[in-house]
Each structure stands twice: as C-alpha cells, then as structure tokens.
Amino acid sequence: MPYKIVAGQCTNCSACEAECPNEAISEQGTTFVIDPAKCTECIGHYDTPQCVAICPVDHTCVIDTALPRYQGAPA
Amino acid sequence: MASSVLGSTAGEPVVDIADVMQKMAEHKGCGTSSEGGKASCGSSAGPADMPPEIWEKVKNHPCYSEEAHHHYARMHVAVAPACNIQCNYCNRKYDCANESRPGVVSERLSPEQAARKVLAVASTIPQMTVLGIAGPGDPLANPRKTFETFRLISEVAPDIKLCLSTNGLALPDWVDEIAKYKVDHVTITINMVDPEVGQHIYPWVFWNHQRVEGIEASRILMERQLKGLEMLTERGILAKINSVMIPGVNDMHLVEVNKAVKARGAFLHNIMPLISAPEHGTVFGLNGQRGPSAQELKALQDACEGDMNMMRHCRQCRADAVGLLGEDRSAEFTTDKIMAMDVQYDAEGRKAYQEAVEAERQAKVAAKADEIAGLDAVGEISVLVAVATKGHGVINEHFGHAKEFQVYELSAKGAKFVGHRRVDLYCQGGFGEEDALDTITRAINDCHAVFVAKIGGCPRADLEKAGIEPVDRFAHEYIEASAIAWFKDYLANVASGAIVHVERGDAAIRQGAYSGGALLAG
C-alpha cells in the first residue's frame, strides 16, 4: 500500500507508469497517482521500487506514512 | 543578380513557379537543362564529396544540411515525456513557454494529436519536410508512443521525412523498429567516450530495473551509444552525433568523441554550447558551470573538422518547435488551434513549392560561384560577418527585427557558414534591464560587418563606434555572393591603405532566449 506521488513535485513525465510491475500508476489530471491497493513496494519483483528509481525529481515517489507498509501477498 | 522569389516565412508563402523559372533562365550560365529538369550547375547533384544517395537523404533536411536549413522547415512533436537517464544540464521541472532549448515543451501530445498536428503544419507551411521526435524525454524510453506516431504519420503524409533524437541507452533494442518505419535520420547525444569524464555529466541511468550511479552509469551508457551507432551504420541509417560542450568537463575530450564516432560511421557531428543558468534549476546551472564563448566553440568545431562534417547551424530547439531553424511557430499550432483548423493535405502543392525552393537554391549556389572567382589572391586574411535573414539564403531582415544573426567566415576559400548568434531578449528579467543594442554588439563582437536589409540611424552610428560596419547595400540579395562581394571591396581597401585590417575579439553566446512567435505570459 505504501508509495505515493507528491503532486507538487510530479512533472507528469509518465516514466513511472510503464515501469510499475503492478500497473498501480495512472494519470489523473496533471499528475500521476499510485493506487495504494495495488502497490507492493515492488517487493517480490525488484530490489528497488521502480517509480523511485526512474523518477527524474528526487523525493517525489515517497512512502505514504498515512498508510500501513505493504505486508506481502495474502496467504 | 537574381533576388529571392519566395515570400517571407512570416506570412503566407507565395510561389510563382513561372517567375522562378524566368529568373533561372535570366541567370547567366545556370539555366535549366533538358536533363530531368536539373540545372546545369548548382547543387542539385549535391557537393562533389557526397554520394548521391546520401545527398538525396539530406538535401531537404534542415538539421542535416546547413544549406537546406535556409529553405526547409522541421517540426517536433512532443509525444515522448519519459526519460531513462539523468543529465546534469537537464531539469524536467522547469518549463517556460517563452524559452527555447531542448527538453522544454509546452504541451504533451498523444500519437493521434501529433498526427493531426503534422497535417495542420504541413498544410500551412509547405516547406515543412521533416518530422522529428525529440522528447521532451527520450523517444526510445517511450517506444509505444514514438512508433505509433511514426506509423500514423507515414500513413497520412508519406512524403515527410521521419527522424528521432535519443540519448542512446535504449537504441540497440530499437534499431530494427527504426528501420521498419523508414526513419532514416537518428541523432544520438554523445558527450563522452570515457566513463571518467561521463561521471561528471550523468548522475545516473535507469538500466535493468535499477538506478545505476557513478562511473558504472557512464560505462553502460557509452557502450550502448556506440553499439547503437554501429548498428545504425550497418543498416545505412544516417546518424548525427550531438555533443554538449561543457568547458572544463568535456571540452578537450570532444576531440576524442569526434574520432570515435567518425570511426563508427557517423555522418555529422554537432557540438553545441552548454545552456546553463541558475534559473533553469539544473545541476550545472546551480553550481555555476559556465558555457563556452563563441570563439571557444568555433575553435573546437574547427579542430574537429577534418574529413567529417561539422554542424554549426543547430539552434538547440524545443521538443515542440515548428518552423525554419531559428524561428518557432509552435504557438500557431496548439492543440486547441489544430483541432479547430480545416486541414487539407495538398501533396501536389507541397511538391510544387519544394521544386520552386530547389530552383531558388540552385540560383543561390550559382550566384556564389560567380562571386568567388578572383578570390584566390586574398592571402591569409579571414574575417567574420553577421547576417540578418529570415531564410531562403537572402539578406532580408531589418537589423532591429533580427532575433538572431547568422555568421559567415570569409577567406580565400569563399564564404562559409560558421554559426549563429541569438540576440532576442531573455525569457525572464531581460526586458528593459539590458540595452538591446549592447546585447547585439556583444553577440557579434567578433564580426567585422553586419549585413542587413535595413537599419536605422542610431544603431548604425553605435555599431560603427564598436568597429562593426553596417552593410545595407545588398538588401534582398543572396548572402554568400553579397558577403564575398563585400569582402573583395574590403581587401581592395586594405591593399590600397584606405583601411587597416585588425583582428576582432571574442563574442558571447546568449542562452535560453525565447524564440517563440508570440510572447506568452510566463
């Protein structure tokens, strides 16, 4: 559940959308947003969260502290 | 001397082909011949040192032929926002509508909108021959959008040449797709062939699902760029190499880059000055990294100019630029406007217009050939001159209206285009704070004369005081022939002792200036 995009920082470049293994990222108006129900922090897919790795603006894809961390796939 | 017969690019172009042919016939020694309508002299067969099949590819591509850039226009469609590397001269957050530099764009297009825009522009600007995808990110980091755009455009406007510009990281994966869509011009930005140098330019690349930093990032990027270049060469796709000259970082190293890309079959090398200002928010802008002066840039370009063509007419345009290089008509073709336009693609009309352009261009080359005779006794003297032009290779711009000056080097070899100088106002904070005339004299301070269609009394006196001769007696005549005629007079005056030849100093390169047709709030 945990990553979010800081709207004021997002350049709307769309780079993260194609890299997300969960198809959790979509365009909404002038920014991209992460669906917290789909985000897995890339756990089980890659060593690092892909949106963070490709985002051209540092500190734009960040942990959403308002939500609990991803707990892994339900058993 | 024949004069320009095509209308100004500022208004509706007017072509009278009969008039063109008449002018051609009047031009001594260069009439049309019976062989396929080609002129008996001029450049229709291309320069002597260029194979005909390559000339066919570049002759109406403004970015690949200096000569073509006076006559033909290009457009970029901004369908590729994502990027896969980070460069220290780029900051994607900063986007000003009045600014003109790579990576900057006002609105993003879908492939369908892009195709519509291409039709609208092609219908309005018949000399628009080239469609490029140059970002604002990297076209090959957005492959679906990029190739879908090419597919749509090749269906609706098959006569338009397709090209793209890439950082090269993903290039080897897409070369076959590039060949499939008949994209026959690809530009790769290569700033180094040594990761030790590259680490100061590229903080990271996104590679195999990881952000790779440091020297390793540049090693991967360099290998992919050179491999991609080799693959393009193998397939006969023309490659242009762009390099950003960053003084103290890669300036001397670019001679090595030049050798490396030449050895791998690159067609053209374009060394551009770093654009860097604190307000751009780039790493280089914020840490005070300066760009080169006009003479530093020219010296490096001269040093690299062996048996390889150097591009000196690059305007470092926006990823959504429209028009001749040096002009930007993108504000006329916003999404709202193109959707409201009644677009009619007139392939025949475009062809007729382009044939007229070709005739004019041959007349220009012939005029230059006439003037160049008798220059052999020049000796060692060479001078630079600045020219105010709106295109077509003609001196047709008023001094006070010029947004840029084209610079020609005059020597025993004739007139050679060596660059251009922007003199338009800064996007921000420039208005009223800076005397416009001072800006111009700084930008062309290394020139002995400035050729204009017209000039007022005050700037004339100020230019003379600065040691730059204003020349308006060649208004609406061909640039190169006029410059050579002036140069002969200059040399005669030097020989007779009427004037003393003195070397001029250096000049400043203005950066990040707007070149939009309209001033937008921003």
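Predicted model: local features only at pLDDT ≥ 70, side-chain atom pairs only at ≥ 80, totals over all residues.
Visitor: Why is B:Ala366 called buried?
Guide: Count its neighbours. B:Ala366 has 23 other C-beta atoms within 10 Å. The label buried needs 20 or more. The count of 23 meets that cut-off, so B:Ala366 is buried.

Visitor: Where does B:Ala366 sit?
Guide: B:Ala366 lies in helix 12 of chain B, residues 347-372. From B:Ala299, B:Ala366 is 67 residues away in sequence. In space the two are 30 Å apart, C-alpha to C-alpha.

Visitor: What makes strand 14 and strand 16 of chain B edge strands?
Guide: Start with the order. The sheet is open and has 5 strands, 14-13-12-15-16 of chain B. Strand 14 (414-422) and strand 16 (469-471) each have a single partner strand, so one side of each is left without a neighbour in the sheet. The average twist from one strand to the next is 25°.

Visitor: How do you know that strand 15 and strand 16 of chain B pair?
Guide: Pairing takes at least two bridges. Strand 15 (residues 449-451) and strand 16 of chain B are joined by 3 bridges, so they count as a pair. The two strands run parallel. In one of these links, B:Val450 has B:Pro470 of strand 16 as its bridge partner. The pairing of the sheet as a whole is mixed.

Visitor: What makes strand 2 and strand 6 of chain B a pair?
Guide: The cut-off is at least two bridges. Strand 2 and strand 6 (residues 204-207) of chain B have 2 bridges, so they qualify. Their sense is antiparallel. B:Gln86 stands opposite B:Trp204 of strand 6.

Visitor: How is the packing of two helices described?
Guide: By the angle between their axes and the distance between the axes. Take helix 3 (residues 111-124) and helix 4 (residues 143-156) of chain B. Their angle is about 35°, and their axes are 9 Å apart. The crossing is right-handed.

Visitor: Which residues make the contact between helix 3 and helix 4 of chain B?
Guide: Helix 3 of chain B gives residues including B:Pro111, B:Ala115 and B:Leu119. Helix 4 of chain B gives others, among them B:Lys145, B:Leu152 and B:Val156. By class, the contact has 8 nonpolar, 1 polar and 3 charged residues.

Visitor: How is chain B divided into domains?
Guide: Domain 1 of chain B covers 52-340, and domain 2 of chain B covers 376-426 + 434-496. Their C-alpha centres lie 30 Å apart. The contact takes 10 residues from domain 1 and 10 residues from domain 2 of chain B. On the domain 1 side there are 2 nonpolar, 5 polar and 3 charged residues.

Definitions and conventions: Residues numbered from 1 in each chain as written. Chains lettered and ligands numbered in written order. Domains from an automatic or database assignment. Contact = placed C-beta atoms within 7 Å. Nonpolar A, V, L, I, M, F, W, Y, C, P; charged D, E, K, R; others polar. Helix = DSSP H or I, 4+ residues; strand = E, 2+ residues; numbered from the N terminus. Axes fitted to C-alpha atoms, helices over the stretch in contact; angles between N-to-C directions. Buried ≥ 20, exposed ≤ 12 C-beta atoms within 10 Å, placed from the backbone. Left-handed = near helix turned anticlockwise from the far one by under 90°.
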